Number of protein chains: 2
Amino acid sequence: MSLIVDNIRGEAAPTEALLPAATGSTRADSVFDSLRTAIVQGELAPGSKINEPQLSKLYGISRGPLREAIRRLEGCKLVEIKANVGARVIELDIQKAIEIYEIREALEGLACGLAAERASTADCVQLRALLTRHEAQIESEDGKRYYQKEGDLDFHYLIVSLSGNTRLFNLLCDELYHLLRLYRVQTSSQPSRPAQAFKEHHRIVDAIEERDAMLAELLMRRHIASAKATLLAQLDHDSELNPIGVGS
Amino acid sequence: MSLIVDNIRGEAAPTEALLPAATGSTRADSVFDSLRTAIVQGELAPGSKINEPQLSKLYGISRGPLREAIRRLEGCKLVEIKANVGARVIELDIQKAIEIYEIREALEGLACGLAAERASTADCVQLRALLTRHEAQIESEDGKRYYQKEGDLDFHYLIVSLSGNTRLFNLLCDELYHLLRLYRVQTSSQPSRPAQAFKEHHRIVDAIEERDAMLAELLMRRHIASAKATLLAQLDHDSELNPIGVGS
DNA sequence: TACAATATTATTGTCAACAATTTTTAGGGT
DNA sequence: ACCCTAAAAATTGTTGACAATAATATTGTA
């Protein structure tokens with residue numbers, strides 16, 4: 001068991017090499033991107049320490065821009081910094097995931113309602129096309145659940161962008177979605193009930209096509225609430241096993 | 001007229017002296033706080049450039065920690081950074097303010113509903129006491145609208161904290177509320193309809209006391225929506241004057 | 001005067017070294 | 001063996017200097 005714990009909480013380092021530093025972008029920006037994907041994809045284990053000398057050597061940069069990148073990660077809530085101690089990759093337990101889903105439910109409900117008010121006919125066509133495309137993908141290569149995960153996010157991505165609220169877009173797509181990805185990786189959770197989800201997606205597009213903002217918001221909130229319910233059930237199940245957080 | 005413009009957009013510097021660097025906190029943290037309040041209170045004019053040598057001299061620190069503070073400000077959406085060019089204080093036009101209010105409506109609605117589900121009886125008493133206290137303050141020193149502004153935020157602050165969702169609390173209190181303050185300073189907007197607002201506040205507390213989550217959410221959303229409506233009316237009014245953004 | 005190209009200045013990005021703090025290790029006492 | 005204390009190592013916080021880029025001023029020309 002301690003093997004697993006060590007694996008999860010160890011001081012894992014990302015396998016990435018240094019990037020060629022794309023023009024128009026500073027080193028701090030590139031290393032921020034690299035670190036973010038490293039964290040979100042689980043290469044930097046949750047709870048593990050961010051070692052500045054080690055990472056600066058790995059990426060071939062000095063600690064100055066690295067620290068700026070870390071400060072940006074802090075802004076995205078992907079690491080937590082304690083003064084004079086350093087940064088650690090965030091750990092998402094079920095409790096925190098539920099908090100995120102509560103927020104997501106409210107914000108994506110808003111986005112979906114706005115999308116229904118503002119989406120053009122062409123937008124609706126695009127939205128429906130995206131759904132059918134993903135559906136076909138799933139049916140053909142049934143084994144690879146991977147696409148379904150990303151496909152699901154594509155759908156939500158598009159709707160949020162149709163809301164026309166750029167701040168909302170940034171909030172969801174630049175912050176919350178990364179946290180969701182991280183949680184999925186940490187718990188290696190499969191997307192449950194794909195068939196049901198697709199049905200719900202189509203109902204949501206129906207509502208948007210009909211410019212029914214209230215219904216669109218309601219359906220999206222319900223759609224996300226059902227995912228949240230799965231988490232809640234898991235939380236209740238776990239707390240039944242360990243009544244007051246008693247470890248082994 | 002150019003006088004006003006210069007005053008608003010000039011490279012104003014905050015009048016703050018360097019802080020004694022509270023223990024347990026790094027210099028980057030203190031200067032982050034200083035800069036944030038300087039921006040929110042309008043001492044650093046919206047749109048003005050963040051000059052690193054100038055600010056580092058003013059605060060008596062080097063550019064390293066200053067840049068980390070700036071990166072944190074970027075995370076709070078208080079400044080915008082362009083690579084190789086630098087950071088500028090954000091400018092909030094009505095359009096952006098409306099986006100914020102849309103988000104705030106959804107999130108505070110959520111917070112209020114959760115508060116209704118989770119608040120203890122003592123919490124409700126505290127909430128009501130806060131209201132009556134502010135009411136008395138307003139009636140006594142009617143002239144000072146200042147208290148009403150902050151008092152209004154106090155009320156919302158408390159409700160958000162009662163939601164029990166810490167991420168929601170951080171999102172609203174550490175990010176959105178600062179932006180609201182900034183917008184109020186930028187437009188020197190007075191809180192409209194204080195009497196009506198107090199009535200709505202009491203109805204909201206009523207709903208929370210009765211553990212009526214749906215009603216509490218509805219009332220809070222409506223409460224914020226009416227503030228948003230004022231902005232929208234202003235936007236329509238302005239666009240009537242300058243049909244397609246024609247300056248003087 | 002107006003305009004374009006160039007030179008100058010200022011500012012940002014980056015680095016390597018030093019200071020301050022924390023963590024780890026070693027040692028001694030009970 | 002345990003725990004407390006002190007030295008050593010490692011890591012974070014900070015600084016000043018240098019390189020790269022952008023903004024500004026200057027000059028030349030039509």
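## Surface near DNA strand C

In this predicted model, DNA strand C is surrounded by 19 residues, the closest being A:Thr26, A:Arg27, B:Lys49, B:Arg63 and B:Arg67. By class, this surface comprises eight nonpolar, six polar and five charged residues.

Both chains take part. Chain A supplies at least two residues from α2 (27–40), while β1 (49–50), α3 (52–59) and α4 (63–75) of chain B each supply at least two as well.

Sugar or phosphate accounts for 76% of the atoms of DNA strand C within 4 Å of the protein, and bases account for the rest.

An N or O atom in the side chain of B:Arg63 is 2.7 Å from a base nitrogen of DNA strand C.

## Relation of the two chains

Chain B is superposed on chain A by a rotation of 180 degrees with 0.0 Å of shift along the axis, at an RMSD of 0.0 Å. The two chains are therefore related as by a two-fold axis. Within chain B, B:Gly75 has the C-alpha nearest the axis, at 2.4 Å. Both copies use the same surface, since 100% of the contact residues of chain B recur in chain A.

## Interface between chain B and chain A

The contact draws 32 residues from chain B and 32 residues from chain A. About 2,900 Å² is buried between the chains, and carbon and sulfur atoms give 49% of this area. Of the area that chain B buries against chain A, 25% comes from B:Glu68, B:Arg71 and B:Arg167, more than from any other three residues.

Twelve salt bridges are found across the interface. One of them joins B:Glu102 to A:Arg118, with the closest N and O atoms 3.0 Å apart.

On the side of chain B that touches chain A, two or more residues come from each of α2 (27–40), α4, α5 (94–118), α8 (166–187) and α10 (213–241) of chain B. The largest share, nine residues, belongs to α5(B). By class, the residues on this side are twelve nonpolar, six polar and 14 charged.

Key
Residues are numbered from 1 along each chain as its sequence is written. Chains are lettered from A and ligands numbered from 1 in the order in which they are written. This is a predicted model: local features need pLDDT of at least 70, side-chain atom pairs count only at pLDDT 80 or more; totals for chains, interfaces and linings use all residues. Side-chain values use heavy atoms; hydrogens and water are left out. A residue is near a molecule or strand if one of its heavy atoms lies within 4 Å of it. A polar contact is a pair of N or O atoms within 3.5 Å; within protein, one must be able to donate a hydrogen and the other to accept it, and residues adjacent in sequence count only if both atoms are side-chain atoms. Helices (H or I, at least four residues) and strands (E, at least two) are DSSP runs, numbered from the N terminus. Ala, Val, Leu, Ile, Met, Phe, Trp, Tyr, Cys and Pro count as nonpolar, Asp, Glu, Lys and Arg as charged, and the others, Gly among them, as polar. Copies are superposed by least squares on the C-alpha atoms of residues with pLDDT of at least 70 in both. Contact means heavy atoms within 4.5 Å. Buried area is the accessible area (1.4 Å probe) that two parts lose on being put together, summed over both. A salt bridge is a side-chain nitrogen of Lys or Arg within 4 Å of a carboxyl oxygen of Asp or Glu.
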